[in-house]
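Please open the structure in your viewer, with a way to select residues by number. The tour below moves from one selection to the next.

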Amino acid sequence: MKKVLLALAASSLMASYAGAQEAKPAAEAKAPSSWADKLTLKGDLRYRYEMIDQEGKEERNRERIRARFGVEAKPADDLKVGLRLSTSEGGDPVSSNQTLGDGASRKDVFFDLAYMTWMPASVEGLGVTGGKMENPFVTVGDLVFDGDLNPEGLAVGYTLGGDGLEFMLNGGQFWVEERSADEDDGTMLGGQVAAKLKADDMHVLAGLGYYAFQNLEDYGIIGEKSFGNSTTGGEEDPVTGETSPLLYANGYEILDAVAEVGLTLGLPVVAYGNLAINQDADEDDTGYMVGFRVGKTKNPGSVDFNYNYRELEANAVLGAWSDSDFLGGGTDGSGHKFSLGVQLTKALKGNVTYFLNEKGLDDDTTDYDRLQVDVSAKF
């Protein structure tokens, strides 16, 4: 009898355990998602060898790193919050590179992104972003804005359409220079309209933007250099020996037209162009870029190639925010950019870029060549 009771008890325990195991997945499925499910983590590390050969100066060789790590949270269906840390030398607004060799010193890290985006369910396609954000305007290159520039302020984006045709409306108010109470702040108001048509083997993109900078003319330059823009001041007082500050000689109200056409011809091929005209400059007010891309790196062994040529007059764009590699940063020059990329592994890419530029657009020009060899890892 005891054996029978023991057997029944054991069977009952085993059945209870089995039932609990079967019920566990269902219970887990009903459990609310954890905070970790609302987070997306991503980052990248780039190691670069760089050679700069500028006429009249000694050749420079250096190695640099760029490290970025970010997190994006979605605490609600209509809200995104993002933060990203990045290396940078002195908080440079257009570069996240850190040069190696300063006695193995610690490297500076800054907040590269810090933003929130509200996407109201009642207006599909609308996003309102505040903080330090990625560039909200559609671009096809870095003629007007460096690719590493993350503006600060408020932006609104609205996308509508479908079935292969999209219209995009983008606008924003951004801080350029916050000044003391007795001076007006430097800001930028920008707006853009763009459209993209997509079919099976092609796409066409076109956009027109207008970026009006406030309170830059006759105000001090941003940072320590004018980056090619025309200036006044900088003269030494014969009595005191003091040098007057450099001031911008022009305002900046930039009309920016972008276009891109892509086809699949065995490999993806994209041709693009960009025209920028500063409506508030008396002279040297125009810049343009034309180029093409072939291929796309995704799977190991895949290759891409990018080429562009540009001419950028001194006051066409704000030099402090333009491409930091072309001409060594800033405006007033022309030249070629060649770039070849190879996907080495799923997460590792190699890239070789060469700038063949000339500083100055008149008869008195200076050769400027720059080679960059990169290995980048994403995670």
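The stops that follow cover paired strands, a surface patch, aromatic rings and salt bridges.

This is a predicted model, in which local features need pLDDT of at least 70 and side-chain atom pairs count only at pLDDT 80 or more, while totals for chains, interfaces and linings use all residues. Residues are numbered from 1 along each chain as its sequence is written, and side-chain values use heavy atoms, with hydrogens and water left out.

**Paired strands**

Begin by selecting residues 253-265 and 267-278, which are strands β13 and β14, running antiparallel and joined by twelve bridges. Strands here are DSSP runs of E with at least two residues, numbered from the N terminus, and two of them pair if DSSP finds at least two bridges between them. Within this pair, Gly262 stands opposite Val270 in β14. The two strands form a hairpin with one residue between them, and Gly266 in the turn has a positive phi of about 80 degrees.

**A nonpolar patch**

Now show the surface and select Leu160, Leu165, Phe167, Leu169, Val193, Leu197, Leu208, Tyr210 and Leu255, which form a nonpolar patch with about 720 Å² of accessible area together. Such a patch joins nonpolar side chains (Val, Leu, Ile, Met, Phe, Trp, Tyr) within 5 Å, taken from residues with over 30% relative accessible area and no salt bridge, and the areas come from the Shrake-Rupley method with a 1.4 Å probe. Strand β8 gives the most to this patch, with three residues.

**Aromatic rings**

How many aromatic pairs does a search of the whole structure find? It finds eleven, where rings of Phe, Tyr and Trp (its six-membered ring) pair if their centres lie within 6.5 Å, and planes under 30 degrees apart count as stacked, over 60 as edge-to-face and the rest as tilted. Select Phe137 and Tyr211, a tilted pair at 4.9 Å centre to centre with 55 degrees between the planes. Phe137 lies in the loop between β6 and β7 and Tyr211 in strand β10, so this pair ties together parts that are 74 residues apart in sequence. Both Phe137 and Tyr211 are buried, which here stands for under 20% relative accessible area, with exposed being over 50% and partly exposed in between (1.4 Å probe, protein chains only).

Then move to Phe213 and Trp321, whose ring centres are 5.7 Å apart with the planes at 65 degrees, so the pair is edge-to-face. Both of these residues are buried as well.

**Salt bridges**

For the last stop, a salt bridge is a side-chain nitrogen of Lys or Arg within 4 Å of a carboxyl oxygen of Asp or Glu, and by this rule the count comes to 16. Select Arg48 and Asp374, whose side chains meet in a salt bridge at 2.7 Å, N to O. Arg48 lies in strand β1 and Asp374 in strand β19, so the pair ties together parts that are 326 residues apart in sequence.

Continue to Glu50, which forms a salt bridge with Arg370, the closest N and O atoms being 2.8 Å apart. Glu50 is buried, and so is Arg370. Finish with Asp323 and Arg310, another salt bridge, with the closest N and O atoms 3.4 Å apart; both Asp323 and Arg310 are buried.

Methods:
Helix = DSSP H or I, 4+ residues; strand = E, 2+ residues; numbered from the N terminus. Patch = residues over 30% accessible without salt bridge, like charges linked within 9 Å, V, L, I, M, F, W, Y side chains within 5 Å.
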